[in-house]
Amino acid sequence: MLTRIMRKVLMGEEGFSIAEVMVAFLILAIAVIPMAGMFAAASKVARVSYDLNMAQECLRLYTEKVKNIPFYYAHTEDDLSTPMDVDDFYWGNRSPIYNNTWNNAPEIVMKSSSSEPYPGMTVTIKMAYVDEEEASGKTLAEAAEDTDLAADWRPMTLYGYDRPKTPTGKALNLILYEIKVTLANGRTFSDTELYASPTDVVANVYIDKVVNISADATKLGTRYNAFGECVSAPHHKSSITIRAYGEGFTQSDLNAGLVDLKLVRVDDNDISPANLTYGEEGGRKYLEGTISLDSGGKSGPTNVWYPRRKPGYWHAWLVVNHIISVRSDIFVVEYPVPVYYSPGSSYSDSDGNKSGRESSTDEVLTFTNVAYVTDLLSYNYPNPGVGAVVQLVHTETHPDTGEPVDVINCTNMSISPTANKGYQGGLTVTARFNFNGHIGGYYKVRIINCIERATPDINVMGNTYCELPASDNYYLEGPPGIFDVYVKGYVEPGEVYVESTTPQVRSFGYDDRPYMYWLRVEGVNFDSFVTLKMGIGSSAPPTGDVVFDAVRVNWIDQHTLEAVFDFAPYVGPGHYGKYWLYAQNSNGFGYALAPAFEIRRPAPIIYDYQVKTYGLWQNYFDVQVSVDGECFDRDPLTGTDFQLRIQEVADPANDWLATEAMEDPVPSQYGRHVEAKLNLVDCDLGQWMFYGLSVPAGLTDYGFTDTLRPTPVTYLTNLNVTLGAPVLRTASVPTDPAQYSLIIMSRYDAVVGGSWMGWSNWFQSIEGTYANIPPWGNIYNAWAWENDPAHGTVEYRTKGEMYFQEIRGMGFNKGSTLSVQVMNNDAPPHTGMNYTWTGLTVHMDRSQAKVWVEMDETMRATTGPDEGGMGRMRLRNDASGVWQDWYIDRIAFQREG
């Protein structure tokens, strides 16, 4: 009915009756009612998948941590209280201490649930030693339980007592340990490993790889190494030929019975190759034999694998003359691959159209004439079943992860006939599905044989699968899916932040902005009549006080929407928080991304900055930067000011106003733009945060990271303050008297009537002042006097002395010293000014943006007789020892005559 009404509108028909409208709304209401359950189910599936992925990552991390601890380390009297090797860390409290139990071994906490990484997960370990001589005909767990330790053995004692050994004194070289991850909901994931003492370092005994070289293709598995060699085999085959490549064994060792090769794993009987032979290939040694995987498994009431071997990773165990080498996860035992004959097999659903609706909770798919679809434990899904799962995999993949956007596992499955548990052909398989909470679109059909139905992942070692051809894809009429939502820009009263070719995307806004937000929504299965709604509630569709529709929605394609939202009428100061975005297709099915958007208190954000003068160098100021971002607000009416500040990463107490001068922020295509001058006086070398501050509101933002996207966007807020070149206060002499660079103190002596008259008083000359007006100087340079300007005869001699009362500059190293050299520009025939002052202490005054060195009368230097002319000077940071370029004509040597 709803489709009919829409068709009338689109085709321009005259209209429809009130009855038709009422029926259409009734249909729409019926479609929307189940949505709450849909999202609850979707949330549960997503949670299980997330828990599994995170737990597996956590397991791998802490398994590797154990392998990075030495197997054995001999203690000395100086380190008896320091854990060194594995048992020092993880043996735990046992009574007696040498009790080598496995079944009742204490579980030692490696990580609490409150600590990083993986908060909310507790990691524990238990361990036991294994005597390889006890492992014959037993599982590794049984061998560990039967291995005894010497009664005088202790962890963390002196050598001879801390070396793991049996009561007869035999050293033990194998550890069996289990890592367990426990989630907050009580669910656990574990991994059991074998750790061998690195005896191969001494004896050069090791296994490099184990490969399947069977000539019969049906005996080859689906897993291959990087060299294209098969490293797997199906567990329903016998007489499989394998080769173990390695070192440390010879033909004579094998003939003498000194070589033992086995495939081993916890809780299963060992696999010893029959008819073991020695060979060499391209200089590489190998042992070759045959194994049977269709028999020899561990029997027992709880073991579903008997008589076949359990799928999954197996370890290789090589013993050469009592020297053991173990290579973990070297060979894969697999299920047989499910078979869907094409042509020959077929599948259908209840109505025969290979399609369904998201509202269906009991869709049945029936497969005929299929083979090797196992069903060892046909209990309720997903646990604790062992066997096949029928899986629907969405044909669309997520643009960031490359993973399918949705996966639907069957809720139950049955096979017929059941006599051989699926290990045969001609089977009929029935799989049931609950589509509630899943994204609409086309799905590929897979049949997967699983070690555990709870983990129907094709990448799990031991799992195998077949995928039906594309012509047999299943279509689900359902909601769209949303991947990402971010601000593309703003609409009226003007563009403030627009998307570039590489957008600095984000997923939050500010309630004090009057603009209507222009959002870009990326996902899958959007139809051209899709509608969007946003709300702060926790239901789908959102309900509550703050719920509003998009002002308009532009459908770009099935993956992309652009929508305008006007927050102003709905969002106020009390409405901060995370918002849902709800997308609904014209078929009535909807999807909510929660959270999708966040409304925050207004705080400055820095997107980018550009240094326009100098560099980010220690003790520099007037470093001009242009800064782009948002919420750079100045409001004279409320007294709100905006500041740029810097804070030292290593010492956050160093938190300073960074700007000597800053213009009012102005709108730009990137949001807000401001020109500022940084003051880096008294900064330590290294990383500083660069952030904006709203005053008096006191709202800071060191650069938000958008955690809603799989690849977070980090806004640029770090400065790296480095050593710079020492320079005078400005490149040219400033006209502002307060901005001088040099203060020179000088005096002179003169010959009158053949006699020296004595030193004059000290005269002060400040660069940037005017001639003949004390303090002496001019706008171009500072003066150093050499003679009496009132002396009128031509027969005279003069001499002078000078020192710098103050030299101002930038880049004088903090905590170091400065050297200064002065020379005449000219080269007169007599000795001129040529002097170097070294070891001058650097002074700093951050509040005045002032960096300088000082001299006093004791540091005076001779200017030379009757000099005159201009002088040059240069500076050196003593820490680097590198002189900078000469400053020409910054000093005038004055005389008359």
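These legends describe close-up views of a predicted model. Local features need pLDDT of at least 70 and side-chain atom pairs count only at pLDDT 80 or more, while totals for chains, interfaces and linings use all residues. Residues are numbered from 1 along each chain as its sequence is written, and side-chain values use heavy atoms, with hydrogens and water left out.

**View 1. The largest nonpolar core.** This core has 59 residues. A nonpolar core is a set of buried Ala, Val, Leu, Ile, Met, Phe, Trp, Tyr and Cys residues joined through side-chain atoms within 4.5 Å. Buried means under 20% relative accessible area, exposed over 50%, and partly exposed in between (1.4 Å probe, protein chains only). Phe-367 and Phe-565 have the most contacts inside the core. Another core lies apart from it, with 55 residues, among them Val-627, Leu-742, Ala-861 and Phe-893.

**View 2. The surroundings of Phe-565.** Contact means heavy atoms within 4.5 Å. Not counting residues up to four places away in sequence, Phe-565 touches several residues, including Met-516, Tyr-517, Leu-519, Phe-548, Val-551 and Leu-581. Lys-533 and Asp-549 are also among the residues it touches.

**View 3. Asp-253, a buried charge.** Asp-253 sits in helix H7, residues 251-255. Helices (H or I, at least four residues) and strands (E, at least two) are DSSP runs, numbered from the N terminus. Asp-253 is buried but has no salt bridge. A salt bridge is a side-chain nitrogen of Lys or Arg within 4 Å of a carboxyl oxygen of Asp or Glu. Lys-285 is the nearest side chain of opposite charge, 7.1 Å away. Lys and Arg count as positive, Asp and Glu as negative; His and the chain ends are not counted. Leaving aside neighbours within four places in sequence, Asp-253 contacts Gly-248, Leu-258, Val-259 and Val-320.

**View 4. An antiparallel open sheet.** Its 4 strands follow the order E5-E7-E10-E9. Two strands pair if DSSP finds at least two bridges between them. Strands E5 (206-212) and E9 (274-281) are the edges, each pairing on one side only. Between E7 (residues 240-247) and E10 (residues 284-291) there are 7 bridges. Ile-240 stands opposite Ile-291 in E10.

**View 5. A mixed open sheet.** Here 4 strands run in the order E6-E12-E11-E8. E6 (232-234) and E8 (259-264) are at the edges with a single partner strand each, so one side of each has no neighbour in the sheet. E6 and E12 (residues 323-334) run parallel, joined by 3 bridges. Pro-234 has Glu-334 in E12 as its bridge partner.
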